[in-house]
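Keep the viewer open as you read.

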Amino acid sequence: MPGKGNARTANSDVSVEHDFTYVTGTSAKGLNLKRRKSVKTVNTSEYSLPRISASSPSFSSDLFDEIWVVLLTIWQMKLELLISFSPYLMVLIAFLLFVYWNGSIVLGAKEAHAVSPHFAQILYFGLVSVLAQAPMHFTFTHAVDMFQSFWRSRPLSYIQMFLALIAGILSVHIFSVAHPYLLADNRHYPFYLWRKIIMAHWSIRYLLVPVYMYSWLSIIHMLGKVRSKLWILAFFLATSAVLVPAPLIEFRYYTIPFYFLVLHCNIRDDPHWLLTGMIYIGVNIFTMLMFLFRPFHWDHEPGIQRFIW
């Protein structure tokens, strides 16, 4: 009957928009996309996604379901998406033309900022981000919640942790870059972190891998409470695309990914935020004191040098 067919089509459209919103975090209406007038032979209601946290035992299979729903939605709305994202495509094309014309993604000292496979960078970002939100990540309740999620998803969790451990060790052993600026410029804090901690002993590099793993596990667990598996995967890949090519360890490189992490973690615990703010105030006071009252001189260059990030 025509009425039932129209109702089924409308329900399918609603299912597509709802699932697209859930797995991407973006409303189809917010993109000014017109709803398809008809859904041909695919009943998208079959692909409605169960709302399972990122710590669920069915995380992997549910992730594939979400990817399938997004691909299906993109195909059904390809024209609308192409029109809506055309300004971004223009920016991407302009960027590619600039790289071709300039011969590099940077201006100035191109040889000092050459793209390199610095996979250890993503490990550093995880640890720095967790330390920057320490009151949220290092609590007894959070640790118990993570352990229970890990225990429920065994034995798959054992396999995932083993693969993550191998990937972390290989990243540190093969893809850990010591940039000349990192080794020579003692004005920056990463210079001291590298010499005093990471390179204090050859074993420290590898002993820190479980700490990096906990950091990313904590981040994924926290995001998994409010974001879909596909969103978390996209966040990880986007963060990697930004940080891995950069050979120099700079905290400022972590700023944009960290902002996205904070904005999407959806933590509403006021005492934790208050404590985090107090930690930031303390770090800023220490930084200002070091900058103002601990200047030093270089023998090979005149003038006063100061500690900076």
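## Starting from a serine

Ser-116 is buried, because its relative accessible area is 16%, and the cut-off for buried is under 20%. This is a predicted model, by the way, so read everything here as computed from it. To find the serine, look at the loop between helix H4 (86–102) and helix H5 (120–132). What does Ser-116 touch, once residues up to four places away in sequence are set aside? The list is Val-177, Val-244, Pro-245, Ala-246 and Pro-247.

Now zoom out for a moment. The chain has 309 residues, and 36% of them are buried. Its secondary structure comes to 15 helices and two strands. Take the contacts between residues at least 6 apart in sequence: 74% of those join residues at least 24 apart.

Residues 121–140 come out as 85% helix and 0% strand, with 28 Å between the end C-alpha atoms. For residues 273–293 the figures are 100% helix and 0% strand, and the end C-alpha atoms are 30 Å apart.

Next, the helix pairs. Two packed helices are described by the angle between their axes and the distance between the axes. On the H5 side the contact uses Phe-125, Ser-129 and Ala-132, and on the H14 side Pro-257, Phe-258 and Leu-261. By class, that's five nonpolar residues, one polar and no charged.

With helix H8 (residues 156–174), H12 packs at about 125 degrees, and the axes are 10 Å apart. H8 and H12 are therefore oblique to each other, and they cross in a right-handed sense. H8 brings Met-161, Ala-164, Leu-165, Gly-168, Ile-169 and Val-172 to the contact, where they meet Val-209, Tyr-212, Met-213 and Leu-217 of H12. Sorted by class, the contact of H8 with H12 has nine nonpolar residues, one polar and no charged.

The other partner is helix H13 (residues 229–243), which packs with H12 at an angle of about 140 degrees, with the axes 10 Å apart. That makes H12 oblique to H13. The crossing of H12 with H13 is right-handed. Here Trp-216, Ile-220, Leu-223 and Gly-224 from H12 meet Trp-231, Ile-232, Phe-235 and Phe-236 from H13. The class count for the contact of H12 with H13 is seven nonpolar, one polar and no charged.

One last stop is Phe-150, in helix H7 (residues 140–152). Is Phe-150 buried or partly exposed? Its relative accessibility is 23%, so it counts as partly exposed. Neighbours within four places in sequence aside, Phe-150 is in contact with Ser-157, Tyr-158 and Met-161. Met-161 already turned up among the H8 residues that meet H12. Phe-150 and His-221 are 71 residues apart in sequence, while their C-alpha atoms are 9.9 Å apart in space.

Note on methods
Residues are numbered from 1 along each chain as its sequence is written. This is a predicted model: local features need pLDDT of at least 70, side-chain atom pairs count only at pLDDT 80 or more; totals for chains, interfaces and linings use all residues. Side-chain values use heavy atoms; hydrogens and water are left out. Axes are lines fitted to C-alpha atoms, for helices over the stretch in contact, and angles run from 0 to 180 degrees between N-to-C directions. Helices (H or I, at least four residues) and strands (E, at least two) are DSSP runs, numbered from the N terminus. Angles under 35 degrees count as roughly parallel, over 145 as roughly antiparallel, 65 to 115 as roughly perpendicular and the rest as oblique. A crossing is left-handed if the near helix is turned anticlockwise from the far one by less than a right angle, and right-handed if clockwise. Contact means heavy atoms within 4.5 Å. Ala, Val, Leu, Ile, Met, Phe, Trp, Tyr, Cys and Pro count as nonpolar, Asp, Glu, Lys and Arg as charged, and the others, Gly among them, as polar. Buried means under 20% relative accessible area, exposed over 50%, partly exposed in between (1.4 Å probe, protein chains only).
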